[in-house]
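Hello,

Here is the structure I promised to pass on. Have a look at it first, and my notes on its pockets follow below.

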Amino acid sequence: MVALDNVNYRVYRNKVNVLIGENGAGKSTMMKMLAGVETPSSGKIILDGKEVTLNSTHQAEKHGISIIFQELNLFPNMNVMDNIFMANEFFQKGKINEKYQYELAKSLLERLELNVDPYTQLGELGIGHQQLVEIARALSKDTRVLIMDEPTSALDPISTSKIEDLAMELKKDYTIVMVTHNMQQAVRVSDNTAFFLLGEVIEYNETEKLFSIPADKRTEDYITGRFG
């Protein structure tokens with residue numbers, strides 16, 4: 001079975017780039033390839049005009065690409081700060097520089113408007129706030145491209161709205177790529193939208209154009225079915 005078939009997908013810098021489509025359409029597979037989780041059997045990944053090989057998440061992160069998965073990859077029995085810097089600690093003279101990490105964690109949390117102390121036990125936070133810690137973890141690295149795979153699927157409406165606002169704010173400094181099933185969310189937050197179907201990119205355009213005047217009947221049918 002082919003997960004992606006001759007896909008040509010472009011990510012635009014300092015934009016919110018959204019992928020829509022049913023389960024199994026290939027959206028998450030594409031994101032995993034961009035994040036080094038999976039290796040494509042053919043094709044090229046071009047970054048800043050140069051071909052790159054991304055065989056691991058560590059390798060992708062060295063190129064400034066971080067991913068936030070639908071399932072949170074955090075440790076509820078540890079504090080917020082340790083979750084943010086897990087496997088990415090800052091050392092000074094052979095020891096973890098806890099003071100520096102605390103101040104950096106505090107700064108990241110403030111930017112995300114999450115008013116908690118970095119020493120707070122993660123398990124004491126709700127899922128929406130834990131999602132923000134996951135984002136802080138990604139931003140603690142030299143991230144340029146932030147991939148968010150269904151970041152609001154398990155969140156309540158208030159937390160969902162918070163993540164949407166955050167994506168639009170973060171694009172000032174980062175390139176955002178978001179996978180979502182939520183059409184209203186795509187319309188609200190994205191600058192460009194790609195419609196995936198059975199491993200192919202059926203249509204890719206500025207979001208307003210794609211939703212108002214889709215060029216492909218399959219795109220129109222998908223949008224109508226979701227909104228109708």
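**Pockets and their linings**

By class, 19 nonpolar, 9 polar and 7 charged residues make up the lining of the largest pocket. Here Ala, Val, Leu, Ile, Met, Phe, Trp, Tyr, Cys and Pro count as nonpolar, Asp, Glu, Lys and Arg as charged, and the others, Gly among them, as polar.

Please keep in mind that this is a predicted model, where local features need pLDDT of at least 70 and side-chain atom pairs count only at pLDDT 80 or more, while totals for chains, interfaces and linings use all residues. Residues are numbered from 1 along each chain as its sequence is written, and side-chain values use heavy atoms, with hydrogens and water left out.

The largest pocket holds about 1200 Å³ of space. A pocket is an open set of points on a 1 Å grid over the protein atoms alone, where a 1.4 Å probe fits, with protein on both sides within 12 Å along at least five of seven lines; lining residues have an atom within 4 Å of a point. The volume is the space filled by probe spheres set on the points, which are joined across faces, edges and corners. Among the 35 lining residues, Tyr9, Leu34, Lys44, Ile45 and Ile46 are the closest to the centre of the largest pocket.

The second largest pocket has about 480 Å³ of space. Its lining counts 19 residues, with Thr57, Glu61, Ser66, Arg137 and Lys141 nearest the centre. By class, that lining has 7 nonpolar, 6 polar and 6 charged residues.

Best wishes
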